[in-house]
Amino acid sequence: MIVVRRALWGLGMLASVALLAALAFAAYAYAGYRGTAQEQSGTVAGLGVRAPVRIDRDERGIPHIKAQNERDAYFAAGYVQSSDRLFQMDLYRRAMQGRLAEVFGAPLLATDQDARSFDMHSLALRTIATMTKQELEAVDAFAAGVNAAIAQRALPPEFRMLGYKPEPWTSLDSLYAGFATVRLLADDWNDVATRGQVYERLGQAGLDALYPISDPAYDAPTAGSGQAPVAPLPQFPRFSGTRPSKPVAVHEGEEPRLGLGSNDFAVGGNRSTSGRALLANDPHLPLRIPGVWYLEDLQAPGLHVAGATLVGSPVVILGHNERIAWGVTNATIASTLVYKERFESAKSDRYLSGGNWLAAVHRSETFDVHFGASITRDYLETKHGFVFARKGTVGYAARWAALFDPRSPFRAFDGLGRATDAKSALAALQSYPGPTQNFVVADSSGLAAYAMAGDVWLDAGWGTRFKDGTSVSGDDDSFVPYDALPKVAPSRDATVFTANARPYGAGYPLRLSPGFEAPYRAARIAQLLRPAGTHKHGDRLDVASLSAIQADVISLGEGELARAAVAAVERKHLTNDAKIGAAYRDLAAFDGRYVEASRGATIASRLRREACRQIAVTRLGSELAGRYLSTNAAASLMALLRSLRERPRGWVANDDYDAFLAGALADLVAKAGSAGFQPWGDAGARIAKHPLDAFGWQLWNGVRFPGNGDGFTVHAQGFSGTQSFRAVWEVGNWDAGGIALPQGESGNPGSQHYRDQAKAWLEQRLVPLPFGDAAVARARTKSLILVP
């Protein structure tokens with residue numbers, strides 16, 4: 001979805017001419033859009049099922065599919081997804097194919113060109129060639145169902161507004177749609193390049209300082225015990241002077257990856273009030289409408305699974321079957337190696353490797369542009385990977401694990417859907433290719449477990465810096481074996497949690513990552529899960545306990561920063577200063593909670609950005625600091641907090657950390673001016689935007705969410721990433737838990753289920769997902785029967 005996100009930004013470049021064109025279509029599109037969004041009921045024949053299939057819709061519009069064979073179940077899954085999310089599905093596949101400019105025109109040409117940096121079509125073909133007969137039948141049946149809906153149902157209004165029709169869906173398109181999320185979660189090659197340049201500027205010690213493996217004050221491993229080592233911060237030459245000016249590469253208000261991540265935690269039956277295992281999961285992905293997840297309940301002989309699937313996928317990705325539940329968080333590990341290549345000349349395709357000049361492979365791509373001429377571009381690939389950037393004789397080639405080891409992830413998720421206990425679920429994960437995830441599973445016997453799964457390059461640098469393309473052979477093709485990745489064995493006494501932070505403790509031999517996510521969410525979850533005597537039932541938990549953890553809005557890291565700033569102002573005797581006194585008092589009242597009424601939360605968030613900016617610019621210069629900060633809010637906060645504790649030489653002017661913090665606060669106050677600081681409910685508010693918002697068409701945007709949590713709280717609501725669903729399962733008693741979406745199940749703006757879940761979301765309410773036949777019958781509001 002990183003390509004989708006860039007695409008949506010690119011849409012914002014469209015000028016008023018595009019706006020007028022869109023509005024010209026609006027009356028035509030809007031007039032009938034409610035009729036096209038209505039769910040079907042009754043009986044429909046001749047679409048392509050082999051036996052009757054029943055599709056019940058509950059009060060949220062979630063489909064419950066009951067088929068007499070698996071092929072028809074997947075056909076029906078494609079049919080309902082297409083009925084509810086067709087425009088979104090088409091947008092995702094076009095984004096990964098690099099074909100957005102065909103619809104939106106020249107402003108998205110650069111986005112398309114970036115999407116085709118590697119050969120996505122070849123990757124999809126090689127991936128589908130690895131599928132089993134069972135997998136192929138599932139994706140083929142799903143595609144047939146999508147196409148049946150395209151042929152039988154009226155098109156969503158976006159197609160009318162943009163003046164085009166969707167092409168038939170293919171099995172490859174399900175892979176394209178899935179790769180939209182893979183791209184978002186993978187270690188981006190541009191970020192690897194930034195790390196390489198930081199290494200060249202500061203050396204290994206400086207790189208480790210600005211990309212910490214963890215923050216030792218909050219390290220919270222779920223696998224193993226004790227704290228793995230973290231090197232102390234390096235000393236730099238002492239300097240004096242004024243605070244650095246703002247780097248132009250950092251855009252005010254934008255931290256494109258802030259909040260991206262997930263929370264996933266579980267306890268065994270001995271830790272719950274019911275004696276059953278409990279599992280909670282809330283993935284953090286970009287906030288948009290329609291959302292990335294689609295809820296469904298899929299049943300056929302030998303298969304019954306329910307939960308959330310990625311739009312365009314035939315299988316349930318996160319959820320439960322009759323015996324187990326599972327969830328994931330991104331493992332944030334080394335999935336991409338970047339080679340620094342030396343070309344013979346600025347225009348040559350010959351590059352140096354092992355003492356020989358080799359010819360790079362050329363790939364020509366043609367881009368069709370709406371209202372414009374087609375463009376052809378040449379791409380290069382070395383023996384190490386695809387060239388994604390080049391300046392003069394220096395090029396950068398990415399060796400992405402997904403390209404080297406093309407395997408379908410559907411096999412692993414299908415295996416989870418059929419697993420009967422935690423042990424068989426962990427066994428199913430051996431086939432999972434990536435992006436590497438932390439899986440938490442729990443079963444109906446009360447066992448809970450954890451395992452990391454997916455391809456991790458076995459690389460000495462762990463993706464922290466460039467590899468020298470002139471001297472490396474190019475056969476770096478080893479991955480860490482699944483059995484060597486961190487795990488917690490199934491147990492009724494288990495307490496397991498993951499939040500993208502370092503998962504292993506002392507003694508684990510492999511680094512795995514260039515830099516895990518900051519451990520503040522993981523540490524907070526651990527605080528809330530583990531201590532005895534702090535819950536209503538002592539150290540035993542229930543569904544409400546886990547749901548309350550998902551609602552927690554305390555930022556441990558930013559709370560520490562606020563306390564440090566308050567202490568600095570006091571030591572500098574500035575508490576009654578005319579300029580910063582009021583901000584000091586708001587910050588002193590801030591207890592780390594990102595709640596609507598708090599102005600201190602707003603100040604703490606902005607202070608974090610300003611203080612991180614000043615340290616980064618001092619060490620890296622404006623241009624490189626801008627790229628570092630734009631994608632590494634977590635790394636920069638860890639570096640900042642560690643510097644305030646350790647106070648190494650040469651990090652701030654005159655080594656005066658109190659003056660540094662008080663000065664950063666003064667800068668914020670000056671910038672705020674007479675308007676002052678908004679309460680966090682306004683400053684941290686987010687709106688899920690429809691893709692056509694970029695045309696000025698805001699009617700289809702989602703409900704406004706007031707500021708409640710930020711990118712470092714368990715209840716994540718960052719600039720980009722927010723909780724994209726919340727689920728808590730009491731394993732085996734499925735009606736006791738539930739799952740909620742931020743907006744609604746349908747992607748059709750005229751549907752009653754487009755925004756209908758927002759109220760429950762804002763109230764932090766879980767809503768049961770009916771699973772058994774009796775529960776589905778009680779919840780039924782509409783039924784559709786597909787017959788041959």
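Select Pro290, in the loop between β5 (278-286) and β6 (293-300); helices (H or I, at least four residues) and strands (E, at least two) are DSSP runs, numbered from the N terminus. The peptide bond from Ile289 to Pro290 is cis, with omega near 0°. The model is predicted: local features need pLDDT of at least 70, side-chain atom pairs count only at pLDDT 80 or more, and totals for chains, interfaces and linings use all residues. Residues are numbered from 1 along each chain as its sequence is written, and side-chain values use heavy atoms, with hydrogens and water left out.

Next, go to Pro435, in the loop between α14 (422-428) and β17 (437-443). The bond from Gly434 to Pro435 is also a cis peptide, with omega near 5°. Most residues other than glycine have a negative phi, and most peptide bonds are trans.

Two residues with positive phi come next. Thr332 sits in the loop between β9 (324-330) and β10 (336-342), and its phi is near 50°. At 21% relative accessibility, Thr332 is partly exposed; buried means under 20% relative accessible area, exposed over 50%, and partly exposed in between (1.4 Å probe, protein chains only). His573 is in the loop between α17 (556-571) and α18 (581-588). The phi of His573 is near 60°, and this residue is exposed, at 70% relative accessibility.

Now select Trp400. Leaving aside neighbours within four places in sequence, Trp400 has contacts (heavy atoms within 4.5 Å) with residues including Phe118, Leu123, Phe179, Trp189 and Trp457. Rings of Phe, Tyr and Trp (its six-membered ring) pair if their centres lie within 6.5 Å; planes under 30 degrees apart count as stacked, over 60 as edge-to-face and the rest as tilted.

By this rule the count comes to 29 aromatic pairs. One of them joins Trp734 and Phe771, with centres 6.2 Å apart and planes at 70°, so this pair is edge-to-face. Trp734 lies in the loop between β25 (726-730) and β26 (738-740) and Phe771 in the loop between α24 (758-762) and α25 (773-779), so the pair ties together parts 37 residues apart in sequence. Trp734 is buried at 7% relative accessible area, and Phe771 is buried at 5%.

A charge sits over a ring if NZ of Lys or CZ of Arg is within 6 Å of the ring centre and within 35 degrees of the ring normal. Arg465 lies over the face of Tyr199, 5.4 Å from the ring centre, and Arg619 over that of Phe236, at 4.1 Å.

Return to Phe118 and Trp400, which are among the residues with the most contacts inside the largest nonpolar core, a set of 151 residues. Such a core consists of buried Ala, Val, Leu, Ile, Met, Phe, Trp, Tyr and Cys residues joined through side-chain atoms within 4.5 Å. Helix α4 (residues 70-97) gives the most to this core, with 14 residues. A second, separate core of 83 residues includes Ala501, Leu561, Phe590 and Leu640.

For a helix, select α20 (residues 622-631), where Leu624, Ala625, Gly626, Tyr628 and Leu629 are buried. These buried residues pack against α11 (189-210), α19 (599-620) and α21 (633-646).

Last, show the whole chain, with its 25 helices and 27 strands. Buried residues make up 63% of its 788 residues.
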